[in-house]
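Biologist: I have a chain open on the screen and would like to learn how to read it. Could we take a few features in turn?

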Amino acid sequence: MAENDFATRVLAWFDQHGRQDLPWQHNPTPYRVWVSEIMLQQTQVGTVIPYFQRFMQRFPDIQTLADAPLDDVLQHWEGLGYYSRARNLHRTAQIVCSQHAGEFPSTIDALETLPGIGRSTAGAILSLSLGQAHPILDGNVKRVLTRHHALDGWPGEPRIQKILWQYAGQHLPTQRNAAYTQAMMDMGATLCTRSKPACLLCPLQTDCAAHQQGNPQDYPGKRPKKDLPEKTAIALLLRNTCGEILLQKRPPTGIWGGLWSFPEFADEAGMAAWLQQAHGQTHIIARQLPALTHTFSHYRLHLQPLQVDFGTQPARIMEGDGWLWYKAGTKLNGGLSAAVRQYFRNTPQALKEIT
Ligand code: SF4
């Protein structure tokens, strides 16, 4: 079967079953498509839609985004996770405004120099907003292609990536590139799903190797297992007599970069020394709260929250310079770390006591 027949079938399926009414499909400027593509990385469409709409209301164009404080951007990202995406979005907006007069570059090479934009995202932006012919290789497309070609191996491996890029390029149509790009993403998301591919409804079933073998679920190959290192830390939940808790802004890079989180210490002794030095507190009663675990790509963090209540208002009030006394439920300038959000989710009683 000719390779471009692949694209013809995909496009015919898209015309009948594809998603044609997503918010970023209306007025698909490079700016709107870029924001949607970054939000859609690691995140499902249904989750992204309300975030995208709120984001566009607050940052309708790239100049508004570039001019906004990072805290404001992080706040609009709160709950989406992978906050480096939001920081890169902000940084890229500033570069596009200062170095490209507010216009997105229109070549893959130039786009790829911008923070947070890899080859696949660059291809999607140029294809979906300008109709240029570029392959994309997001998670959905990788799933469709590894199954269609019964390609063994983990797609994160450079050798497998290279083959997948070749396949993705071979299948491109000669026209309707924007529709084709959207169609491939839609097929992966709605038909060729991870655990229950709907092969009988799929336009590729006649020559899909994995379907013919009867084992689509075996593709794509899994990442080789490696044990994640474990780290432990103390999270201090320090409450003042007004019922506010002390939050510290994390450094701009690293986990939860730029977000408000509990002060962290390697151990209890470190926490006690800090309480004495920063707040003059010597008689400390710490209450142990249920532990929190967060898994990151490179390690697993076990956080032991310890609650300390000041009996009297602290003599030295810390505020400013990355510190904040926070009243739960009030509006915050910036985003909250997953640890803080998980704490309030897991212990609504604690939230009640504080509010
Ligand atoms: S036939 Fe099945 S496994 Fe193959 S691409 Fe279609 S949905 Fe995926």
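Modeller: Start with Asp71, which is found in helix H5 (residues 70-77). Helices here are DSSP runs of H or I with at least four residues, strands are runs of E with at least two, and both are numbered from the N terminus. This is a predicted model in which local features need pLDDT of at least 70 and side-chain atom pairs count only at pLDDT 80 or more, while totals for chains, interfaces and linings use all residues. Residues are numbered from 1 along each chain as its sequence is written, and side-chain values use heavy atoms, with hydrogens and water left out.

Biologist: Is Asp71 buried or exposed?

Modeller: Buried means under 20% relative accessible area, exposed means over 50%, and partly exposed lies in between, with a 1.4 Å probe and protein chains only. Asp71 has 15% relative accessibility, so it counts as buried.

Biologist: Which residues is Asp71 in contact with, leaving aside neighbours within four places in sequence?

Modeller: Contact means heavy atoms within 4.5 Å. On that basis Asp71 is in contact with Lys249, Gly258, Asn333, Gly334 and Gly335.

Biologist: Now a pair of helices. At what angle do H9 and H11 pack?

Modeller: Axes are lines fitted to C-alpha atoms, for helices over the stretch in contact, and angles run from 0 to 180 degrees between N-to-C directions. Angles under 35 degrees count as roughly parallel, over 145 as roughly antiparallel, 65 to 115 as roughly perpendicular, and the rest as oblique. Helix H9 (residues 139-148) and helix H11 (residues 177-191) pack at about 80 degrees, their axes 8 Å apart. H9 and H11 are therefore roughly perpendicular to each other.

Biologist: Which residues of H9 and H11 meet?

Modeller: From H9 come Asn140, Val141, Arg143, Val144 and Leu145; from H11 come Met184, Met185, Met187, Gly188 and Ala189. By class, this contact has 7 nonpolar, 2 polar and 1 charged residues. Ala, Val, Leu, Ile, Met, Phe, Trp, Tyr, Cys and Pro count as nonpolar, Asp, Glu, Lys and Arg as charged, and the others, Gly among them, as polar.

Biologist: How do H2 and H3 cross?

Modeller: The axes of H2 (residues 30-40) and H3 (residues 45-58) come within 10 Å and cross at roughly 140 degrees, so H2 and H3 are oblique to each other. The residues of their contact divide into 10 nonpolar, 1 polar and 1 charged.

Biologist: And the whole chain: how many helices and strands are there?

Modeller: The protein chain has 15 helices and 8 strands. Of its 355 residues, 50% are buried.
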